[in-house]
Structure formats: C-alpha cells, structure tokens
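Reader: I am new to this structure and would like to understand its charged pairs. Could we look at it together, beginning with the terms?

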Amino acid sequence: MSKNLEIESKTLLDKETYEKMRAAFTAKSDFIQKNYYFDTPDFDLKNSDASLRIRILVDHAEQTIKVKETNPKEKKYSERIEINDLLSVAQAEQMTQSSYEGTFFLFGGDVGDYLQKHYSSEAIHSLKLISWSQTRRILANGPENCELTLDLTEFPDGYYDFELEIENDNPDTIKKILSQLEKQFNFTVNKENTNQSKVQRAWEHKK
C-alpha cells in the first residue's frame, strides 16, 4: 500500500502541441495503461469528490482511490490524497472481468478499508464499472530536469485527447515549468483545458 499527496497540473493539449512537445524532450519511458473506473448507480464517490479505479499495465496492476485533500497547499492545481494497493495483473483482470459480467466483488486492502470507513455497506455493494480509458503514457525529462507526463488517451466512444501532466511537491515549481512550456510551445492554460480528470472524461465519453 502507498498513500501520498498528489499535486499536479493537468492541461489538455491539441494534437500539434502534443506532438511538438513529445519530439522536444527525451522520453524516459513509454507504455500503455488501461484504467477501469467504478462508482455506485447514484455516483456516491463522484458526489463526494472521490474516484476509484483499477489500473493495469504490462507487468503489474493497482487499485486506487483518490480523495480530496481537506487542507490543500494551494487551489490552482489538482491536489488529492491517493491510496494505492498493488495487484497482480491476473487479480486485476479477474476483478475487471467480474465487473463486466455483473458479478459482485469487494475491494480489499487499504482501498477497501477506506471505502468501509467512509461509505455505507449498501453503497459498497452497489459499486460497478462505470467507464474505462486506455492511455499511452510517455514520461519525459522536461525543463530543469522536471518530469513531464504526456498522455494520449482513448475512451469507449472512440474519442481521444492529449494531455500534459506536471506533478511536483512544490506548486511554485509546477507554475514555473508550466509557464516556460506555455511560452516555448505557444499554448495557454485556461479554465477550459485545466484539471479535467480522466475519470470525468471517461464518464462523458462512455458508450
């Protein structure tokens, strides 16, 4: 299990800007991850500003619940407490297959403990697969050795988008690097393209 405070800027890019940024910086890793998002029929998690997912990569998987930080360091960027439990790929695939088939299963580990402490038994037993996404993720060395995450994400209805994420413990560092990138690649961060979570976009683009 891991529990950490995640502070990051999330900026949607157009395809041209994404491609220019991808070409400009050296990739440290390049991989595919599949994300499966869960909620109740009444969206109990969404309504409490939380999200629950299973993520599957080539050699490992994880279950994660993200919840709102009650005492944020700042208000401009996405700031969440992230609770993770590692899963084997086989475990994760079995869980997602059960959800596709409508077979009930309980989330275990620290994610399960959090759910039991904060949601009713009825809500937990009604959790189901809401949507999914698949992301090609590139981790690259950005300005001043700050890691950049460049995502190309596809959704169930065939829609896809491009996103820049910058995660750092220091919001001032995020602000500095993001400002440099805006000038270098001629894009503007605004309310329409900032801090739109993947789970929200997956809900909007489910079949």
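Author: Buried means under 20% relative accessible area, exposed over 50%, and partly exposed in between (1.4 Å probe, protein chains only). This is a predicted model, in which local features need pLDDT of at least 70, side-chain atom pairs count only at pLDDT 80 or more, and totals for chains, interfaces and linings use all residues. Residues are numbered from 1 along each chain as its sequence is written, and side-chain values use heavy atoms, with hydrogens and water left out.

Reader: How many salt bridges are there?

Author: The count is 19 salt bridges, each being a side-chain nitrogen of Lys or Arg within 4 Å of a carboxyl oxygen of Asp or Glu.

Reader: Which residue does E147 meet in a salt bridge?

Author: E147 pairs with K28, at 2.6 Å from N to O. Because E147 lies in strand β7 (residues 147-154) and K28 in strand β2 (residues 27-39), the pair ties together parts that are 119 residues apart in sequence. Strands (E, at least two residues) and helices (H or I, at least four) are DSSP runs, numbered from the N terminus.

Reader: Is E147 buried or partly exposed?

Author: E147 is partly exposed, at 34% relative accessibility. K28 is also partly exposed, at 46%.

Reader: Turning to D151, what does it pair with?

Author: D151 forms a salt bridge with K198 (2.8 Å, N to O). D151 belongs to strand β7 and K198 to helix α7 (residues 198-204), so this pair joins parts 47 residues apart in sequence. Both D151 and K198 are buried.

Reader: Which residues are linked with D151 in a network of salt bridges?

Author: The network includes E8, K10, R137, E165 and K198 along with D151.
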